[in-house]
Amino acid sequence: MNEKYRVSSSPHIRDKIKSSNIMLMVVIGLLPATVFGIWNFRHENAWILVVVTTAAAVLSEYIYEKLMHKPITINDFSAVVTGLLLALNLPPTLPWWMGVLGSVFAIVVVKQLFGGLGQNFMNPALAARCFLLICFTGQMTSFVYDGVTGPTPLADLKAGEAVNTMDMLIGNIRGTIGETSVIAIMIGAMFLILMGVIDLTIPASYLISFVVFIVIFGGHGLDPQYITAHLCGGGLMLGAWFMATDYVTSPITTKGRILYGVCMGLLTGLFRLFGGSAEGVSYAIIISNLLVPLIEKITLPKPFGKGGER
Amino acid sequence: MGLLTFKGGIHPDDGKRFSKDQPIRPLLPEGDMIYPLSQHIGAPANPIVKKGDHVLKGQKIAEAGGFVSAPVYSSVSGTVKGMEQHFNPAGNKVECIVIENDGEYNEVDYGPVKPMEEMTSEEILEKIGDAGIVGMGGAGFPTRVKLSPKEPEKIDYIIANCAECEPYITADYRRMLENTSDLVSGMRVVLSLFPNAKGIFAVEDNKRDCISKLQEAVADEPRMDVKALVTKYPQGAERQLIYAVTKRAINSSMLPADAGCIVDNVETLIAIHNAVINGRPLTERVVTVSGDAVQNPGNFRVLLGTNHLNLIKAAGGFTEQPAKLISGGPMMGFAMVTPDAPVTKTSSAILAFKKDVVSRNPETACINCGRCVEVCPSRIIPSRLADYARRQDIDSFVAMNGLECVECGSCSYVCPAKRQLKQAIGSMRKTALANKRKK
C-alpha cells in the first residue's frame, strides 16, 4: 500500500453534464422544427439541403482541424448544431452547394479562424446566413410553398395585407425550412428548458421588448392579431429560442442576458418596421452579438460582501 | 420555519449514506505516531522534546511558535524517536516529531480543573490556546486568536458551523448526535467570553435528527438557538454561513468579527469543552473513512498522529484498488499522494474512490454557458477569472474581484467543459495575495 496515488487540485468530483451532452440536447431540441420543415417542404426536397448543409459543417470542421494539426472536436456536436441551424435558416429551394458554402463559411471563417469553439464572437450559423443573403440575395429571398413562389406572411403583413395567424402557428406557410412552425419550435424549446439547457431570460426579454416596440411604433396599438402575426412570423421564434440563446455569443451574467435580449428586441422591431426588408431577426442577433463585450462591461456583477449577496 | 441560505451553490450527491449510521468507534493506533509541527495556519510549533525522551499522553511536545500558532501534544505515551520529514495529508513533506507508542497510554496528571465560573476570560482563552486548539473543520486557524477580537462586546453571534456541507463526511453529524451535551458545553464556554452574543447552531436540514437533538439540548439555554439551513454546498463556507444566519455579508478584506460573528465548527467546540471543562489538551478527533472503494465505511475517534493506514485497515481495507485518496471532503480536500500520512488536527475524513473523475474528464473549451457564474457563492465570474489566471494578468484578475473567491470549487464541479476553474483561480489568488502583502 505504499504506492503513490494520483493527485489533482480539488474539487475531486464533477457534475455529469458535459459540453457534448448540451450540444446533443440542442440538436434534439431542433428536431421537431427540422422534421416539420422537411415534411412541410417535401415537394422541394428540403431534406437534401438539411443533410448536405449539416454534413458540410461537420466535414469542414474535421478537415480544418486535420489540416491545422489541431485536436479533432467534431465529437462535441457543436458543428452539427451550427450546420443544422444554418440549414433551418435557408429557403428550401436554395441550391445545395450554397448551403455547403454557408457551412464552410460558418465553421472555417466565423468559428475556427477566431479560435474554435467558444471563441467566435458571432453566431456562426447566422453569420453564414447573412453572408449568403449578401452573396445570393435572389435565391435567399425566394420562398416557395406547394410549388408556388410568393411573399412570406411577414412580407404580407408589412405590405398591410391580412395574414392567417393559425397557419403561422402550425407552419404550413412560406419561409425558411425551420422557421415556419411556431408549434414545432416551441416543443423543442420546451425540451431545452426542461433539460436545463436554456432558460427564459434571453427569449423572454427579447420577445417582450420586441412586443413593446411594435405596440408603440407598429401603428396597430395593442391589436392581438397584429402582435401574434409579428411574433409567429419570420425567424423570430427560431431566433429567440435557438440562436439568441447560443451560450458562446451571449453575455454570461443574468443581467447581461436581459440587456442583450432587450437589444435584440429593439433592433428586430426597428429592422422589421423601418427597414427595407420585412425580416430583421438575423441582423438583430448578430449585431447584438457584437454588443456583448460592451453589455458585459456595464453589467459586471457585484461580488458577495460588496452588495452582490442579495 | 423558513430555511436559511445564500445565493449560488450546488447539489452534488452527498454520499453520506455510506457512513452516517455508523456510530463513532475509538481506534487504537499501530506503529509510530507522527506529529507535524505545523497543523495550523501561522508559525510552526517549536519542539520541546528530543530523541530518547519518554513522553506521556497529553504531554506537550512542541510549543506555539508565536501568537498565531498552536502547541502540539503527544496522544500516546512512549519514546521520542526524533525529528523526521514525513508526508502530511496534503502531500507535502513536513517536519514531524515521531514517537514510538509504548501502548500503555499513561496519561499526564492534569491536576484539578478550575470551574469555568471561577475563570476570567483571559484564563479561558489561555486554556484554549494552551490546549492547541485550531479550527478543526479544515482551515486550522488558531482558535484562541479567533476568539480574541478587539471588542468582545461587539460580537452578536457565535455560530456553530454544523452544516457539514462537504459530501461524504459524517464526522460532525455523528458528533452532534453522540456528543450533543459536549457540543453545547463548548458553546457555553465560548459564550462566556462574549457578554452580548447569542449562540446559534446552524445545521443543514438533511440532518433533521441533529436539529431535534440540539433543539432539545438548548431548550433550557436562553442564549442558544438552533437554525435550519438549506442543504446545499458550500453552506458551511464561513462567509456564506454568516450571511445565511444573520443576513450580514462580509467580503475578503473583512473578518467575521466585522459582522459581529465568530464561527467555530463542531469538532472545535467539542475540543474547547474538553480543554476548559475537562482540562484536556487536544489529542484526538473524529475522522470519517468513506468512499466507494472502502469495505466498511465508518466514523472513528482517532488519536492525532495516527497513520491513515490504520484508519483504512479499521474500515476493512479497500474493496478494490482505489484510483484516488482524498484527505477531507471531495470538494475542498486534498488528493493524497500516499495514505502513509498522519491524522492531523484538521483531518476530517479519508475518502477512497474507485475512479478518478478528474483525470477522466479532460478540460475542453469554455462554451460560456454561465453555469459557473450561476453557482458561484462569491458572485464573481469564474470562467473569466480563470482566463486572466491563464494569461497571468494579475491586474484584470484583481479588478474583476478574483480575490473574493472562497475556493469552494463549485465552478469546477459544475463546468460542462470540465475546466479546472478553481485550480486556476486559486493559484492566481495566491500570487495576487502575496503581491499585495509585499506592497
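Modeller: The discussion below takes the features in turn, and the model under discussion is a predicted one.

Colleague: Let us begin with helix packing. At what angle do the axes of α2 and α3 of chain A cross?

Modeller: The axes of helix α2 (residues 46-67) and helix α3 (residues 78-88) of chain A cross at roughly 145 degrees and come within 8 Å. The crossing of α2(A) past α3(A) is right-handed.

Colleague: Which residues of the two helices make the contact?

Modeller: On α2(A) they are L49(A), V50(A), T53(A), T54(A), A56(A), A57(A), V58(A) and E61(A), while α3(A) supplies A79(A), V80(A), T82(A), G83(A), L84(A), L86(A) and A87(A). Sorted by class, the contact of α2(A) with α3(A) comprises 10 nonpolar, four polar and one charged residues.

Colleague: How is a nonpolar core to be read, and which residues touch the most other members of the largest one?

Modeller: The general idea is that nonpolar side chains tend to be buried together in soluble globular proteins. Here the largest nonpolar core has 144 residues, and I159(B), A202(B), V203(B), V287(B) and L311(B) touch the most other members. Helix α7 (residues 266-276) of chain B gives the most to this core, namely seven residues. At least three residues of this core come from each of domain 1 (116-276) and domain 2 (371-438) of chain B. Another core, of 79 residues, lies apart from it and includes F36(A), A128(A), C232(A) and L267(A).

Colleague: With what is V287(B) in contact, leaving aside its neighbours within four places in sequence?

Modeller: The contacts of V287(B), with those neighbours left aside, are A171(B), F300(B), V302(B), L311(B), V343(B), S347(B), S348(B), A349(B) and I350(B).

Colleague: How far apart are the centres of the two domains of chain B?

Modeller: Taken over C-alpha atoms, the centres of domain 1 and domain 2 of chain B are separated by 29 Å. Their contact takes seven residues from domain 1 of chain B and six residues from domain 2 of chain B. On the domain 1 side, the touching residues divide into three nonpolar, three polar and one charged.

Colleague: I turn to backbone geometry. Where are cis peptide bonds found?

Modeller: One joins S10(A) and P11(A), with omega about -5 degrees, and P11(A) is placed in the segment before α1 of chain A. Another runs from Y233(B) to P234(B), with omega near -5 degrees. P234(B) belongs to the loop between β11 (224-229) and α6 (238-246) of chain B.

Colleague: Which value of phi does E164(B) have, and is this residue buried or exposed?

Modeller: Although E164(B) is not a glycine, its phi is positive, about 40 degrees. Y168(B) is buried, with 31 other C-beta atoms within 10 Å.

Colleague: Finally, why is N21(A) classed as partly exposed?

Modeller: N21(A), in helix α1 (residues 19-40) of chain A, is partly exposed because 15 other C-beta atoms lie within 10 Å, a count between the cut-offs of 12 or fewer for exposed and 20 or more for buried. In sequence N21(A) and D76(A) are 55 residues apart, and in space they are 7.9 Å apart, C-alpha to C-alpha.

How values were computed
Residues numbered from 1 in each chain as written. Chains lettered and ligands numbered in written order. Predicted model: local features only at pLDDT ≥ 70, side-chain atom pairs only at ≥ 80, totals over all residues. Axes fitted to C-alpha atoms, helices over the stretch in contact; angles between N-to-C directions. Helix = DSSP H or I, 4+ residues; strand = E, 2+ residues; numbered from the N terminus. Left-handed = near helix turned anticlockwise from the far one by under 90°. Nonpolar A, V, L, I, M, F, W, Y, C, P; charged D, E, K, R; others polar. Domains from an automatic or database assignment. Core = buried A, V, L, I, M, F, W, Y, C linked by C-beta atoms within 7 Å.
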